Amino acid sequence: MPLAEAARYVAAAYGAVLLVFVAYLAVTGRRIGRLRRDVRALGEELSRREPEA
Amino acid sequence: MVESAATVAGGRVSDRTALAPATTTAILALAGVLLAAALAVGFWVAPTDASTLGFSQKIFYFHAPIAETALLAYGVAFVAAVLYLRRGDARYDRLGVAAVRLGLLFSLLVMVTGVIWGRAAWGVWWAWEPRLTTFLIACLLYSGYFVLRGAVEDESRRATYAALFAVIAFVDVPITFFATRFLPEGLHPVVLGPSGSGMDARDLLAFLAGLAGMTLLFVGLLRLELGIEALREELRELKYRLEG
C-alpha cells in the first residue's frame, strides 16, 4: 500500500480516538455540571426547610 | 471536577463523594504522558512494518491496548458484580455501572480503529473472523446491560439483575481474549503469546507504553465515573429527604 494511503488510514484511526475521547469528556463535563447544580440546589432547599421545621 | 462532589447536603458538608481529584488528575496526566510516549516511540523510533501492513501497522500502538483495556473494564465489572451478589453493597453496583460504561467506550474505539485498520490491512471493513465476531458480541451484550438497568424500577432488583447479567456476559470475554490462540485461522495475530511477542523491541516498547497509558486512562476515568455515580446517589438521598 502506498505510504500516503496508509497515512490516511492511520490519521483516520488516531483522529477517531481523539474525537471519541473529546466527545466523552465533553459529555462527562456536562453530566458533572448538571449534577453539581442539582445537588447544590436541593442542598440549599433542604437547609432552608430544616430551620423552618 | 470530582471535587465538587464534596457538597452541602442538609446543611452539612459531605466529603463522602470526593474522590481525591488531585490523584485522578495525576493519573490522567501520567496516562497522557505514557500515551504520548507510545506514539513517539511508535512513529519515530520503531521501524515501519516490512510486511504488507506497512505504515498502516502504526494503528496497532493504540488499537491493541484499547482492546485489552476494554476487556479489563469488563473484568472489573465482573468482579464488582460477584462482590455485589455476595455482599449486597451498593458501592459495587456503582463500580459495575462505571466499569461497563467505560468498557463500552473503549469497545467503541476498538471497533472504530479496527474497521479502519481492517480496511487498510485486509482490504475489507469487516470480516466475520473469531476475534471480531466475539468482540462484537461483547459490545452487544454489554449494551444490553444498560437496557436491562433502564427496564427495572426497583433499585435493589435492578442492581441484582444487572450483576447477574454482568456475570453471564463476562463468559464472552475470555472467549474473545483467547480467540486468536484457540482459533488460529482468524486474521488477528497473537500479540503476546507463550513464545513471546515476535515484535521488534522498539515495537514492543511502544505497545507496552500504550498498554500502560490506556490502563491508567481507564483507572482515571473510572475514578471520575465513580465520582459521578456518588453524586447521583447524593442527589437521590437529598430528594428522598426533601420528600420526607
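Me: Is the crossing in which α2(B) passes α5(B) left-handed or right-handed?
Reply: This is a predicted model, where local features need pLDDT of at least 70, side-chain atom pairs need pLDDT 80 or more, and totals for chains, interfaces and linings use all residues. Residues are numbered from 1 along each chain as its sequence is written, with chains lettered from A and ligands numbered from 1 in written order. A crossing is left-handed if the near helix is turned anticlockwise from the far one by less than a right angle, and right-handed if clockwise. The crossing of α2(B) and α5(B) is left-handed.

Me: How are α2(B) and α5(B) oriented to each other?
Reply: Their axes come within 8 Å and cross at roughly 135°. Axes are lines fitted to C-alpha atoms, for helices over the stretch in contact, and angles run from 0 to 180 degrees between N-to-C directions. Under 35 degrees is roughly parallel, over 145 roughly antiparallel, 65 to 115 roughly perpendicular, and the rest oblique. Therefore α2(B) and α5(B) are oblique.

Me: How many nonpolar residues does the contact of α2(B) with α5(B) have?
Reply: From α2(B) come Ala77(B), Phe78(B), Ala81(B), Val82(B), Tyr84(B) and Leu85(B), and from α5(B) come Ala159(B), Ala163(B), Ala166(B) and Val167(B). Ala, Val, Leu, Ile, Met, Phe, Trp, Tyr, Cys and Pro count as nonpolar, Asp, Glu, Lys and Arg as charged, and the others, Gly among them, as polar. No polar and no charged residues take part, and the nonpolar count is 10.

Me: How many polar residues does the contact of α2(B) with α6(B) have?
Reply: These axes come within 10 Å and cross at roughly 155°, which means α2(B) is roughly antiparallel to α6(B). Leu71(B), Tyr74(B) and Gly75(B) of α2(B) meet Val173(B), Thr176(B) and Phe177(B) of α6(B). Four residues are nonpolar and none is charged, while the polar ones number two.

Me: How are α4(B) and α6(B) oriented to each other?
Reply: Helix α4(B) covers residues 130–151, and α6(B) covers 172–182. Their axes lie 8 Å apart, at an angle of about 165°. α4(B) passes α6(B) in a left-handed crossing. The two helices are therefore roughly antiparallel.

Me: How many charged residues are in the contact of α4(B) with α6(B)?
Reply: On the α4(B) side are Pro130(B), Arg131(B), Thr134(B), Phe135(B), Ile137(B), Ala138(B) and Leu141(B). They meet Asp172(B), Val173(B), Ile175(B), Thr176(B), Ala179(B) and Thr180(B) in α6(B). Eight residues are nonpolar and three are polar, leaving the charged ones at two.

Me: In what order do the elements of chain B run?
Reply: Helices (H or I, at least four residues) and strands (E, at least two) are DSSP runs, numbered from the N terminus. Chain B has seven helices and two strands. From the N terminus, the order is β-β-α-α-α-α-α-α-α.

Me: Which element gives the most to the side of chain B that touches chain A?
Reply: Residues are in contact if their C-beta atoms, placed from the backbone, lie within 7 Å. The contact takes 33 residues from chain B and 28 from chain A. On the chain B side, β1 (7–9), α2 (60–87), α3 (90–122) and α7 (201–242) each supply at least two residues. With 10 residues, the most comes from α7(B).

Me: Is Gly118(B) buried or exposed?
Reply: Gly118(B) lies in helix α3 of chain B. Beyond its neighbours within four places in sequence, Gly118(B) contacts Val124(B), Trp125(B), Trp126(B) and Ala127(B). A residue is buried if 20 or more other C-beta atoms, placed from the backbone, lie within 10 Å of its own, exposed if 12 or fewer, and partly exposed in between. Gly118(B) has 20 other C-beta atoms within 10 Å, so it is buried.

Me: What distance separates the C-alpha atoms of Gly88(B) and Ser156(B)?
Reply: Gly88(B) sits in the loop between α2 and α3 of chain B. With 13 other C-beta atoms within 10 Å, Gly88(B) is partly exposed. Along the chain, Gly88(B) and Ser156(B) are 68 residues apart, yet their C-alpha atoms are separated by 8.7 Å.

Me: What percentage of the residues of chain B count as buried?
Reply: Among contacts in chain B between residues at least 6 apart in sequence, 73% join residues at least 24 apart. Chain B has 244 residues, and the share counted as buried is 45%.

Definitions and conventions. Contact = placed C-beta atoms within 7 Å.
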